[in-house]
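Me: Please go through this chain with me in questions and answers. I would like the cut-offs stated as they come up.

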Amino acid sequence: FFPDTLIYEDLSLFLQSLKIHLRKVLNKIFYKCGISTINSKLILVQNSTFPKVYNKLLTEILINDLLMRAVVILPTPLMVSIASGSSFALIIDIGWSFTTVVPVFDYRVLDNLLTFTNRAGSRLHYELLSELREEGFDIESISFRELENAISLLDSLVCTSNDELIACGRFLVRKKIFTDAIEKLYLSFD
């Protein structure tokens, strides 16, 4: 939920409306599901791009209104680092709209070094479609799911031969087309 803040004239009106909305959502989550919040401890795992104002309001609602004992907010990159058994990590999250790079140092997320880039899943999809069009494939007959399934069939980005083929819908496509597009999009720094 990312509300359009431009429709609010001042920050206090926005915060008040957001608090009402979040209180309704949280009530439905906990009470409708039969989960008791009184004296509970809650760990929230959040994306690094989650706005700080949400954290403050969520904590306030959960402790003051829903009577929770403790609320701990942990960023996703830290949880990934802990799950890998490392206190130092560089977490690269390739999403659909953008890619996030977050360094973790000694179990601390270095927010000041957080980086975004538009090299993301949607761009890979369109890059592959343009490459397939150039190779003479009828891209209108390749569905999104078929293209995604073809990408998931890649076992590595190393092509041992130009003859390696990948099934993409009803077509057999050279693996090199996929690996070149991925390398150009994610691994080139020009």
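Predicted model: local features only at pLDDT ≥ 70, side-chain atom pairs only at ≥ 80, totals over all residues.

Serine 40 touches Met68, Arg69 and Ala70, leaving aside residues up to four places away in sequence; contact means heavy atoms within 4.5 Å. Residues are numbered from 1 along each chain as its sequence is written, and side-chain values use heavy atoms, with hydrogens and water left out.

Me: How far apart in space are serine 40 and alanine 70, C-alpha to C-alpha?

Reply: Serine 40 sits in the loop between helix H1 (11–31) and strand E1 (41–46); helices (H or I, at least four residues) and strands (E, at least two) are DSSP runs, numbered from the N terminus. In sequence, serine 40 and alanine 70 are 30 residues apart, but their C-alpha atoms are separated by 6.9 Å.

Me: Are H4 and H6 oblique or parallel to each other?

Reply: The axes of H4 (residues 121–134) and H6 (residues 175–187) come within 10 Å and cross at roughly 135°. Axes are lines fitted to C-alpha atoms, for helices over the stretch in contact, and angles run from 0 to 180 degrees between N-to-C directions. Angles under 35 degrees count as roughly parallel, over 145 as roughly antiparallel, 65 to 115 as roughly perpendicular and the rest as oblique. H4 and H6 are therefore oblique.
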